[in-house]
Structures are given as structure tokens and as C-alpha cells.
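The stops below follow charged side chains and their partners.

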Amino acid sequence: MAYNHHEIEEKWQKRWTEDSLFSVDVNKLDDKYYVLVMFPYPSGDKLHMGHWYQYGVMDTWTRYQRMNGKKVFFPMGFDAFGLPAENFAIKHGIHPKESTTKNANYMMNQFKKMGVSYNFDYALDTSKEDYYKWTQWVFLELFKNGLAYKKEAPVNWCNSCQTVLANEQVKDGACERCDSSVIQKNLNQWFLKITEYADKLLSNLDSLDWPHKTLAMQKHWIGKSTGTEIEFKVDKLDIDFKVFTTRPDTLHGCTYVTFAPEHPEVLNFVSDSQREAVLDYIEQTKKVSEVDRLTVSDQKTGVFTGAYAINPINQEKVPIWISDYVLFSYGTGAVMAVPAHDERDFDFANAFDLPIRQVIVKKGESEGTLDKAFTDAGEMIHSKKYDGLSSLDVKKQITDDLQAMNKGEAKVNFRLRDWLISRQRYWGSPIPIIHCDDCGSVPVPEDQLPITLPENVEFKPMGESPLKACDSFMNVECPQCKKPALREADTLDTFMCSSWYYLRFPNVGNNDQAFEQGITDKMMPVDKYVGGPEHACMHLLYARFVNMVMKDLGHTIHEEPFTSLTHQGMILGSDGQKMSKSKGNSVSPDGYVEDYGSDILRLYLCFGFSYVDGGPWDDSGIKSMSKFVDRVARLLEDQKHVFGVSDAFGDDLNSDEKKLLFVYNNSLKGVTTDVVKFQFNTSIARIMELYNAVSDYLKAVDPDKQNQAVLSFVLKNLVVILSPFLPHICEEWWETLGQSKSVSLEVWPEVNEKFLELDEIQMAVMINGKVREQIKVAKDSDDDTVFAAAVKSTKVQGYLEGMNIVKKIHVKGKLLNLILKKA
RNA sequence: GCCCAGGUGGCGAAAUAGGUAGACGCGUUGGACUUAAAAUCCAAUUCCAGCAAUGGAGUAUCAGUUCGAUUCUGAUCCUGGGUACCA
């Protein structure tokens, strides 16, 4: 049963398409099972080994689900807008539309050659008008409901990409895409109010079947913190300001107040004598922030403003400073400094000789000199009426008291910031807004969508959107007052495209709506979503947000888009480093597909790694996959004669046959439970055990005594079980064995527990916790029987000599442990 | 610094409601077949000692709980991921 992988791959791919074997019609699909793998970017690198790992192995998983009766919807598309195509265009002078279309077509072809069972009828491309028309619609829905707004704000600017970035797209102060350093710029940009959904984004996490790690990352990224907002007054001036603190219990220990340097209020109370120093410092931080305000240093800097604040709890007058350790963008941009109980305040107070007053001590201890801030809870001191109380209780009391005085209230703050979606780049969806001098930002009427991206544009990055230079695009009339107006020139962050694509898939081809509620409510949520962990705080957060908004606007009934999430691991270069062109360690799958075939590469990717971990690429194992498949092929060839025989066998089985059926059922059980858990490596190990058992049986039993019915049964099912892992080869085998229907239409076999119960079991005999002997006993033997069997062994007797048995521990079916002591 | 994972043979990895550590595979070694090689088949393979039977050690390190710990508890070290003054 030798095979030519080129021929059979082509043959079966063609057959699958002709017979529409994996096609579904979402209109007729009830009780759906929506499987989605994060769609790729159509880059010039085509499908690389990582893609194969992600898409090939997930296809196996999906084929398995289908054979288990799931009515699978498994679409695929391209996240085609984005910087790489644009940069490629700038470098080589090929239009992004041309290069992405070419790459997408090529990659789609690769998918087909891979033999994946996608619903190709539902493919989409985010850079095509029939898709981005609706991305623009999604934006307008947000805009019309007050969730999109434009504001002047300090934003992250990547000089190399010549565009702004959302907070999530900045990693360690560097651009997530190109790794060059990010600076701050004040610009007027579009934001989406994701912060309005912070609470729901956080609380819903508990209901998701997602990796613990990812939930933790999102939780941390959202960063909810519960505290108190306290109103201070500037001494001698009619200025009030608020500070946010999670430790209102330390309010009596506040010995100064610090403002962020860019806080506009500062200029209203700075004293004349300090004005110059303050302005200097503000200038200085502007410069520093452009270099690396990101690096945390213990060396605190700051300047006294000459003004004083009045602490509302005790009317105490404390100095107001400015320092860059206070962030303008978080809380109120000003903090009450309690050096005794906050590490940053402590460092600052020491640097500038400010007083440190301890107001909490460890319970039962008295006040001492602090060599660092005491941040734990404890017992109140120097806090007037609160003295002696537990600081934990005082948090609430003091907040209540402040509220009664109208000087404060409980407040929740989030670390999450609004999502910046403007990009000063060409290759993205235009933002459907028209700027009119009289009417302001006017949404493009829905019937005018899509705002088509013009093709004849000079798209060299110049710090502002290339569309700005395209007069025919820019000049329009205002939809409201009909006066001349200008289009928004920025394009949408590509994360906007991928934030709703799962809603579009079941609706591909619908030209009247982004998604039809009847279909969407039926098809959503995605039952299994798979993709890389690098999207934990970007795509996965944005998608949840957009879906939530769509639900609140009544377009869908599901609040969470992805019920269950799994991250595949990453295939690294053989040097253990992330594969990249610049490191020269990337590995192409194409050569292996050519030499061994798509099935063998897929099998190796399943077997050689644990799926969620990934690991360095090493091709020394791929040959062994090929050898294994050859062995199975030879076995089937040798046993060809049994396939004409009925596979019905009776109860009259000898021990060899029972043994074979034990391994068969045990392997099947293992594969059945492991595949759903993404443990493809152990699944294949179980199948190899089955092969070994068959081969042992054939060696142990004379050919004329071999039970052909049992063999026929086991071998047929071996092909069935292998088929999700080797889709083409198994189809070919299945056909050769005389089957007329596709093997992928077979129902996954059921485990027969009867054969997993053995009459006689092997047990370990331990002496003082060490395994010394193996005995065989009937199953369900009681303590005495097992003990009797154990002491029959001369080896055990040797250990017992001159010893007393102190204790016997019998774990049924597993072991007997004898605890001995010298007599 | 903080948070979260993880550390098991020469290698990829299995096994955790506490119960025979190393399944399955790679590699290596020996053997069969062959004029020879490849392919295939058989056997061995955690380490140390021993011809062997066998004995001892062993799941990052050190303690602890237990008849019994890769699994539970505490401390330490290392690797990876996240985060970076969030008040």
C-alpha cells in the first residue's frame, strides 16, 4: 500500500471539493459548533512553519470534532490591512492592494494544499470593500452612540512607523511591530471609549473558559483599583483639587501633595518666587518623557511650587510639589503623599528632606524609625479619633466621614485607557467622518458607505496621513449643511478590522448588512477560539469590547464572543529563538511538504511538540513519522485479506485476542480524551501502541490461528482513528480497503469498557516503600488474598526474614506496601 | 521590583483526587538480513557499581507532611511570559 503523496494529496483535495464534503450552509445549520483560528496576515513570507502548526494541527482537531457528530463551522480569512504591506509597497513600488491580494491568493492555495477542511465559501478579506464597508459601519455605530470621540491628547508616536499607537501596542516603551522606541506627542486623535466597558470586561472574565494566564493578563491590564477621591484646598486661594488614593486610612500621614508636572492647575497656584523653577522642571520633564520616563528610578526629582494645600481631615497645611513620578493620565493627576506608607513617596521625601509621619504600626508594636515605607495594614496612631483602630476598618470610616463633610467619596479607577484608533497611514479603512467648519465631525450617511480607499495615492509616510494629499478624496460636501468640507484623513487601526470579523464570517456575502441578527445569534458565540498568546491584551480585549457594544446596541444577543480559548505554542528556530528573517533561523514548511507530504508534516507537528508549549524546530523526528506511516501501510497491505471478512466477532476470545482488544480500546480511549485537550502528542503515542500491539499479535499467533474478524475490526478502526491526523493517506487506504464513502464521514468509534477490565492484574509489592517484587493476582482480590500471593514469593520471603510486619497497605489493583521492623 | 507559568534521561516529551517515574518517539549500542550499503526486523538503553543476579541514587536545591511525594506545604535558585512609579 505504498503511496505517492503528491498524487493522493491532489486526488483527495479535489474529491473533497467536488463532493463539498466539509461545506455547510449556515442557514440550515442548527446546533452549530463554531471553530475559529485567528486569521493570518497575508505577508510576503506566505505560510510559514508557525502557520502550519497553528492551522494544520487545528484542522486535525476540527476533523475529530466533526467525526464526533459536531456540526462544525470552520471559516478562514485574511487580516489584510496593515503596515507590512504598505512598507513593502514603499520599498518595492508595488501597490499594497496588489501585493496583499497576491499573497492572500497564494496562501489560500497553500491552505488547500495543506488539506484543511475550512468552509472556503465563507472566506473574507478585511481589505476588500465588501468587508471594510461594514468595519466603517461598526465605527459609525460606536460614534452614533457616543463611544467614539476625538480629543487632543498625548499619544504614543512611533517614528519608524510614522503613526500613533494604542497603549496596548507599546511594549517596554517600544513599538510592538517594529521595536523602535516610542515617544509622546500631543495630537488630535480618534478614541473608542473602551473604558466605559472596563467593569464588564473585567467581571465577565470569570465566566470564560480561557487560559488562566490570559485571564490574569487582561485582569491586570484593566487594572481596577478601589479607593477614595479626596478633595483638598489650596491655601489662601480659591482652588480645590482632588487626589485619588487606595489608602484613605493613611490620610493623617500626608505630609505633602504632589502634582504631575503637566497638570494645568499647577500654573494657577504656583508662587511667584517658584514660578521659574517650576516652569523649568515642566520643560525638563517634557524632554525626559521623550527619552525614557519609562525607566523607573529610585532617584526622584521634583520642585516645590511655593503653594500649600489644606488636608481636609485635620486642616493641616502641607506643601505642594510637582514631580514626574506622578502621572497626569492616571487618577486625578495629583496625589496625597504619605511617605511613611508608600515607597515612592518615601523615596521622594528622603530626596527632598520632607517630613515622614507614621500613622500605622504593626499590631502590638510601637513606632520606630522606618528604613523603608510600611505598606501593610495595622493599627492606627497619630490619627486622632481613629487611633487604636485597625487600618482596614478605617479605610471605610474615613471615606464615610469625608463624604459627610462633602470632601470625598469612594471611587474606582482603571488602568485601562481608551483605545486610540487613528492611524496616519494609507493601507487601512478610511474613517467615515467628514469635518465641517460649521457642523463639526459629521458621520458619513450609511447609504454612502463604503468610503473607498483611493488607489492613486503617494503613500510615503510623512508624519500625517497620505490621504491628506489626495484632493479628490479629501474634498467633499458636508452631509448636513452641504458646504465644502474635508474627509477624515486618518485610517483605522487594523485591530478594528479584527475586532468583529467573527461576526461577519457567518454573514459573508450579505451585502445589505454587516451581520444579520437571526444568523448571528444562532452562530455565535465562537465555541473554540485558537490563536497566539501575544493577543491577550490587544485583539482579545478589543474584540470583547466591540462585541459587547454590538450586544448593547441590540445587534446580537451574546455578550462574550469567545466561550473557550486555547493558545497554541510557538515554533522557534532550531537555536531556540523566535523565528525571524533577520536572525536567519526561519524554517519553511514547503520543502518538507515536497519531500514527505502534507500529512507527514502535520503528523510530526502533532507528535513532536506539546501543542500549547511549542518549542524549537528539529526535523530529526519527521523521518520517523514517515517510517511509522510506512509501517502501518505495510501492515494493511499484509493483512489485506482480512478486510473482506466480517468484523463481527463473538464472545469466545482467547487471551491473545483479549489482549489485542484491550490495547485497542485503551488506545482509543486515550485518543478520544486527549485530542479534545489538545494533547496530540499523547494521542499519537496511543495509536503507535495500538500498531505495536497488532504487530505483536501477528508475531505471537500462527497465521492460520489469527482471528480475522478481530483483525478486520481493529485495523479498520485504526484507519478511522488515524484519519484526522493523516487525512489524505487515510482516505486512500480506506478506499483501497474497499470502502466507498470518505473516511471522514465515519463516526468516531466507541470505547468498549468490557475489554478494559482484565481478569488478572499485575501488582507491585513494596517493602518499606520500595518496589521489590511484581505479582499477578485476580482482579478485585481482597487484602488477604493479595498478601498471601505476595508472601509466596521467595524474594519477599527474603525480606521478611527476621522482621515483623508493622503495617500492610493495600491499594486495590495497584500495590501492596509492607512496613517492616526488626524483630 | 511585582504578577503568572515552568524546571523530569543524551534529545522531544509522558505520568499529578499522592500509589510501580521516564509511556510514545528520536538518538545511541549490539544483533539478524545483505557481496556491501540503504531500507527492514530483533534486543538493550535514567545514572553509578557489577559478568550477572542484584544493590544504591534519582523529577532544579533544601527542609516538612505521609507507609508512600514529580504531584501537597514552606524557603531558595534558575528559565520563560506579562507589567513597569497606576497612588
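Buried means under 20% relative accessible area, exposed over 50%, and partly exposed in between, with a 1.4 Å probe and protein chains only. This is a predicted model, in which local features need pLDDT of at least 70 and side-chain atom pairs count only at pLDDT 80 or more, while totals for chains, interfaces and linings use all residues. Residues are numbered from 1 along each chain as its sequence is written, chains are lettered from A and ligands numbered from 1 in the order in which they are written, and side-chain values use heavy atoms, leaving out hydrogens and water.

Select Glu316 and Arg357 to begin. Their side chains form a salt bridge (a side-chain nitrogen of Lys or Arg within 4 Å of a carboxyl oxygen of Asp or Glu), with N to O at 2.5 Å. This pair links distant parts of the chain, 41 residues apart: Glu316 lies in the loop between strand 13 (303-310) and strand 14 (317-322), and Arg357 in the loop between helix 10 (343-352) and strand 16 (360-361). Helices (H or I, at least four residues) and strands (E, at least two) are DSSP runs, numbered from the N terminus. Glu316 is partly exposed, at 25% relative accessible area, and Arg357 is partly exposed at 25%.

Next, select Lys11, Arg15, Glu732 and Glu735, which salt bridges with shared partners join into one network.

Move to Lys128 and Asp125, a salt bridge of 3.6 Å from N to O.

Finish at Asp235 and Lys236, whose closest N and O atoms are 3.8 Å apart in a salt bridge. Lys236 is exposed, at 72%. The structure holds 36 salt bridges.
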